[in-house]
Amino acid sequence: MADNDQHILSAFDRDLEALQAHFLKLSGLAEQALTEAARALEDLDIAAADRVIAADKAIDGLEEFIQMEAASLIARRAPTASDLRRVLAVMRAAQSLERVGDYAKNVAKRTRVLPRSSPLDGHAGTVRRMTTQVTRMLDEATRALVGKDAQLAEAVRKRDIDIDQMYNTLFRSLFTYMMESPANIGPSMHLHFIAKNIERAGDQATTIAEQAHYLATGSMPTEPRPKAGLESEG
């Protein structure tokens, strides 16, 4: 019986490792989509934006595959409570990554109409810097979840306030820009919604980090998420 139990355990571990490998691949695709969307915005590159939009199908497909594999793993292996939490955490985090892909697609869609408007010098660079921070958060949050690293998860969670502050600064700058001329209103609104999508991607990274914290410690973080400025007012 002991040998049989060990065989079952090893099979579950192999299946879980495969699931986590697909999850990390999904994270890489989502991070790449955000990065390329921000680059397309900065260059006002419609072809690059179109590639981001098209690539979202792969993100959606991989997320769906992960959900199906996770459900199959639960049905076939009947994992213990702690192992079940690991599988469920991957399922929930995969949903967050799929949403990140949607946010990248939204950025690309907004970028496609910006070349017909006046470019807003400097603001696209701010979006790129926000994106760099968010993709780092996503990478670390997913690694924290797979590695059950509570310390790394908490570090990611604390950095969400930095994204909020960058978003709030950009929002105020865009508001000022809109007040200068009615011609700036359309492009400014597009950039505002672009920045909001990046900020929401940061929220998804924080959600994954909270799942990682729960997986590592058995409890969700007790402190509320740190928020700044406009976000704290919401």
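Predicted model: local features only at pLDDT ≥ 70, side-chain atom pairs only at ≥ 80, totals over all residues.
The chain contains seven helices and zero strands. Read along the sequence, its pattern is α-α-α-α-α-α-α. Of its 234 residues, 44% count as buried. The accessible surface comes to about 11,300 Å². Carbon and sulfur atoms hold 52% of that surface. Among contacts with a separation of 6 or more, 85% link residues 24 or more positions apart.

The average pLDDT of the chain is 89. A score of at least 70 is reached by 88% of the residues. Helix α2, residues 46–77, has the highest confidence, at 96. Helix α7, residues 229–233, has the lowest, with a mean of 50.

Helix α5 covers residues 150–180 and has 31 residues. From its first C-alpha to its last, α5 reaches 47 Å. This is close to the 45 Å expected at 1.5 Å a residue. Helix α6 runs over residues 185–217. The 33 residues of α6 should span 48 Å at 1.5 Å a residue. The end C-alpha atoms of α6 are 47 Å apart, which agrees with that expectation.

Lys-148 lies in the loop between α4 (123–147) and α5. Its phi is near 50 degrees, a positive value in a residue other than glycine. The relative accessible area of Lys-148 is 41%, so this residue is partly exposed. At the start of α5, Asp-149 directs a side-chain oxygen to the backbone nitrogen of Gln-151. The two atoms come within 3.1 Å.

With 14% relative accessibility, below the 20% limit, His-192 counts as buried. Beyond its sequence neighbours up to four places away, His-192 touches Tyr-167, Phe-171 and Leu-174. The side chains of His-192 and Tyr-167 are joined by a polar contact of 2.9 Å. Leu-174 is 18 residues from His-192 in sequence. In space, the C-alpha atoms of His-192 and Leu-174 are 7.3 Å apart.

Two of these partners also pair with each other. The count of aromatic pairs in the model comes to one. Tyr-167 and Phe-171 form this pair, with centres 6.4 Å apart. The planes of the two rings make an angle of 35 degrees, and the pair is tilted. The angle falls between the limits of 30 degrees for stacked and 60 for edge-to-face, so the pair is classed as tilted. Both residues lie in α5, four residues apart, about one turn of the helix. Residues three or four places apart point the same way because an α-helix has 3.6 residues a turn. Tyr-167 has 5% relative accessibility, so Tyr-167 counts as buried. Phe-171 has 29%, so Phe-171 counts as partly exposed.

Neighbours within four places aside, Gln-204 is in contact with Ser-96, Arg-99, Val-100 and Tyr-103. Helix α3 covers residues 81–113.

Toward the end of the sequence range of α2, Arg-76 was examined. Arg-76 is found in that helix. Its relative accessible area is 45%, so Arg-76 is partly exposed. A polar contact of 3.2 Å joins its side chain to that of Asp-15. Arg-76 also lies 9.1 Å from Phe-12, C-alpha to C-alpha. These two residues are 64 apart in sequence.

Ala-78 is found in the loop between α2 and α3. Its phi is positive, about 45 degrees, although Ala-78 is not a glycine. At 61% relative accessibility, over the 50% limit, Ala-78 counts as exposed.

Terms used: Residues numbered from 1 in each chain as written. Heavy atoms only, no water. Buried < 20%, exposed > 50% of the residue type's maximum accessible area, 1.4 Å probe, protein only. Contact = heavy atoms within 4.5 Å. Polar contact = N/O pair within 3.5 Å; in protein donor to acceptor, adjacent residues only side chain to side chain. Expected span 1.5 Å × (residues − 1). pLDDT = per-residue confidence, 0-100. Phe/Tyr/Trp six-rings, centres within 6.5 Å; stacked < 30°, edge-to-face > 60°. Areas by Shrake-Rupley, 256 points an atom, 1.4 Å probe, with all protein chains shown as cover.
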